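This briefing is for a reader new to the structure.

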Protein chains: 2
Amino acid sequence: MSKPATTPTVIDFKHLQRNLWTRKYLTSILDFDGETVAPPLGAAARAEAMGVLAEEEHALTCSQAAQDMVAELTRAAEAGELDEQTATELAVFARDQREALALPADEVASWARLTSEANAVWHKAKADNDWATLAPYIDRIVEALKRQASYLDSTRDPYDVWLDQYERGMDTAAYDAFFSQVKETVVPLVHEIAEHDHEELPSFMTAHVPSSVQLQIARDLLELEGIDMEGCALACVEHPFSDGFAPGDVRVTTHIYENDAFNNVFSVMHEGGHAIYEANVDPAYAYTCLSSGTSMGIHESQSRFFENYIGRNHAFASPLLDVMRKRVPGVYTDVTPEALWRATNMARPGLIRMDADELTYPLHIMLRYDIERMLFAGEAKAADVPALWRSLTKDYLGLEVPDDTHGCLQDTHWSGGSFGYFPSYALGSAYGAQYLDAMKRDGVDVDAACAAGELAPVRGWLREKIWRWGRCKDAPELIESACGAPFDATFYCTYLERKFRDRYSL
Amino acid sequence: MSKPATTPTVIDFKHLQRNLWTRKYLTSILDFDGETVAPPLGAAARAEAMGVLAEEEHALTCSQAAQDMVAELTRAAEAGELDEQTATELAVFARDQREALALPADEVASWARLTSEANAVWHKAKADNDWATLAPYIDRIVEALKRQASYLDSTRDPYDVWLDQYERGMDTAAYDAFFSQVKETVVPLVHEIAEHDHEELPSFMTAHVPSSVQLQIARDLLELEGIDMEGCALACVEHPFSDGFAPGDVRVTTHIYENDAFNNVFSVMHEGGHAIYEANVDPAYAYTCLSSGTSMGIHESQSRFFENYIGRNHAFASPLLDVMRKRVPGVYTDVTPEALWRATNMARPGLIRMDADELTYPLHIMLRYDIERMLFAGEAKAADVPALWRSLTKDYLGLEVPDDTHGCLQDTHWSGGSFGYFPSYALGSAYGAQYLDAMKRDGVDVDAACAAGELAPVRGWLREKIWRWGRCKDAPELIESACGAPFDATFYCTYLERKFRDRYSL
């Protein structure tokens, strides 16, 4: 029935995917090298090589030969002549190709220039608390994104097109419903906690732990998560990230603050979640277009799951404390698991998204979403953003914004051209609660696994339901097949409500 | 007169060189990543990407379009229509292309398999002191190299072809003359020293210096050599190497032994010499085929110059001691520059080439050269190598070889397919003495520069005469234009004779 894998066109298709994989892999290596070890003066040469790789990726994806290949394989697929994996590769690649072809070359080139320039302006503007110099770029970026959205799908609202790019199947209606539910739960809860919160951070949270010891703790935690360190490199950087390079090669980075050891702990648990997802995609998809995580939201759901649903789980405080005691003798002797859990689960509004706790985090995203919507709807211009930011921060977090550096200039996303991306962070945090529920129904005792410091059952579920599928399924399909129902924010709201009422005895 | 650089073919030629440079750069990044940080399980994916890059490099170099381009540009060059730099690029690229086209694809593929397999066998054979398992591979490698040499130039002796590949212009006759002169000077001198040598290594040479301090010393020495650390990365590896990646990006690696701080010192001076050569190629050659060092021998002459002619110079002991005293307070307080110079210039035969001192080093190369010649001439088979090794080690170094692990299995070169490479190491050591003489005639006071720890005059000479030329000139032309005469081993022999008679008061 199915076309043998030795058909010339199928062989060409696999070869093309291998060549595209090579460029993705090399780009990741260059990025990692640039963030970790490359000397500052090497930046121009790296940009040159990155440019060549991007050009070649585009040329390989969009060539007439590649278009003819897709046409021929589509006919074969419709005739039922392709094996299942090749048919899935075709569906994913054809969409990549369609979207790459949709944007005219001059649009792509001017976009690269605009965002690269805007990014440089943002760095200076943030340092100078000077939104006004960035504002014209933000207006131009929004205009360009609306134009690009019309190339991608002229029948849809432009912001919906971008929401869908970062998380397939999502649109304004879906996010409106999600955020309104989150707002109803979280905003009053945050305000209620603030009224009762007179706690001070226990001193063990700021104990001095040397870099070399923290790196060892990072390794311990990655192993506890279930990462094979023979297939994972760990490095220090300014802004932590992680990446899956290839079969047997994932990378996790961290930033060490010697007086804030738990920053490293949860940052590594987070990045480890991204890395273990990449490491566990079905090896049969290696070197194909299916070989990575499927979306920003699903990726973030893995990192947040290990950071919060596991890392800040009441039952996990005990194995976490064991790691700390083993690596830093003396310092944590008198700390109880309960005290550690309480100290690592304080909920307190702050101005900076990157430092936000589990409860207030979605509020940071919500205010960005509100502003992005207004910019795309023409209800606001970039010049209005600082005032909107102050007003929404007051509403959601109950805080005054002292300056734009600690307000609308704090993130790099907008100047980099990413609109519609932030919402996927909140969604990623929310998916986890629904996983927890599904795991429970599937007989996985997450609390017991946490208490034992033996997460194999949790990994087993995630591998089977999420990780192994790579890019085979878009987020909505993946969630529904994993959890037996479409995404439902109720799980998340219930989880937050329960956890933080418990934490603050409300 | 000369063809404007905007001629379509010239633009295509520059574009092709840029694409080839990108592949060379990416291969270097992959190599560095693999040696420094990549996890062990990532090796297969790296090999996959390396394979794609090598294939693409070959395809770009040898395509019909690239051949037509060379033909057209050659006509333009002959008509005097190319500017000087483009004409030089053409000459260098045309030779690269000619040599890449000479080898049939199946020869290249079977060679890659053979050497990769032989290399794996060598690792085990060395650990097991088992030359017999490697021997058949060595015979096959020599046969393959003779066949390949006939593709490259069927009119020449095969070993001459390979000597020329590693150092243009060299052949057996030239090396015979060189080594016979070295032998006459060095062998009796080594034997004479051995009769008078009853010194013990002073204890400060084995003082414990922590890794982090040694890395700081490495940075100090690279800066003393004149490397801009904004354009140089330093990393730790098992087997130190260095590379020039791009404008503003060179890499130096080292291996730290905490009880042998001077191993790091001279290793870094050595690798720094390679790196500073790459960093100082004329920036006008960036992204072209001229943008790197010209040959193995010239490269080694730069590393050996900074390691030995500078690093082990009598006058340099004082600034070197300053660095050590500054970074390791207390340990070297009572050491005099004279004592340091004496301790870092002991000449004592040993079995291992990599550990050899300045005087005995060329003897290690000589014995390898003798054996390579015999293998290529059919006067010996691989099975005869261990006995030859023992006999030559006795003759040249006066030592018994206890086992093949410390004898003919010590180096990776032969199992990697490199025959004709070793001699360029000795030549590289020898060029330096002729540079010293030429510098003196050109008014550069090397001893004064060493004593002051201010090497700018030395760098100025090397930059002007050697570094800036990149691949524009082959070794013989470069030496002759730098030193005003062809290479002459007399400078080297005189230098060694003088230095070590002084050191041992003979």
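A salt bridge is a side-chain nitrogen of Lys or Arg within 4 Å of a carboxyl oxygen of Asp or Glu. By that rule, the side chains of Asp33(B) and Arg251(A) form a salt bridge, with 2.8 Å from N to O. This is a predicted model, in which local features need pLDDT of at least 70 and side-chain atom pairs count only at pLDDT 80 or more, while totals for chains, interfaces and linings use all residues. Residues are numbered from 1 along each chain as its sequence is written, chains are lettered from A and ligands numbered from 1 in the order in which they are written, and side-chain values use heavy atoms, with hydrogens and water left out.

**Interface of chain A and chain B**

- Across the interface of chain A and chain B, the rule finds 6 salt bridges.
- Between chain A and chain B, 10 residue pairs are in polar contact, both residues at pLDDT 80 or more; such a contact is a pair of N or O atoms within 3.5 Å, and within protein one must be able to donate a hydrogen and the other to accept it, with residues adjacent in sequence counting only if both atoms are side-chain atoms.
- Contact (heavy atoms within 4.5 Å) links 39 residues of chain A with 39 residues of chain B.
- Chain A and chain B bury about 2800 Å² between them, 62% of it on carbon and sulfur atoms; buried area is the accessible area (1.4 Å probe) that two parts lose on being put together, summed over both.
- Pro39(A), Leu41(A) and Glu48(A) supply 17% of the area that chain A buries against chain B, more than any other three residues.

**Strands 2 and 3 of chain B**

- Strands here are DSSP runs of E with at least two residues, and helices are runs of H or I with at least four, numbered from the N terminus.
- Strand 2 of chain B pairs with strand 3 (residues 249-254) of chain B in the antiparallel sense over 4 bridges; pairing requires that DSSP finds at least two bridges.
- Ala246(B) stands opposite Asp249(B) in strand 3 of chain B.
- In this hairpin, with 2 residues between the strands, Gly248(B) has a positive phi near 80 degrees.

- Most residues other than glycine have a negative phi.
- Tyr287(B) has a positive phi of about 65 degrees and is buried, at 14% relative accessible area; buried means under 20%, exposed over 50% and partly exposed in between (1.4 Å probe, protein chains only).
- Ser505(A) has a positive phi near 50 degrees and is exposed, at 63% relative accessibility.
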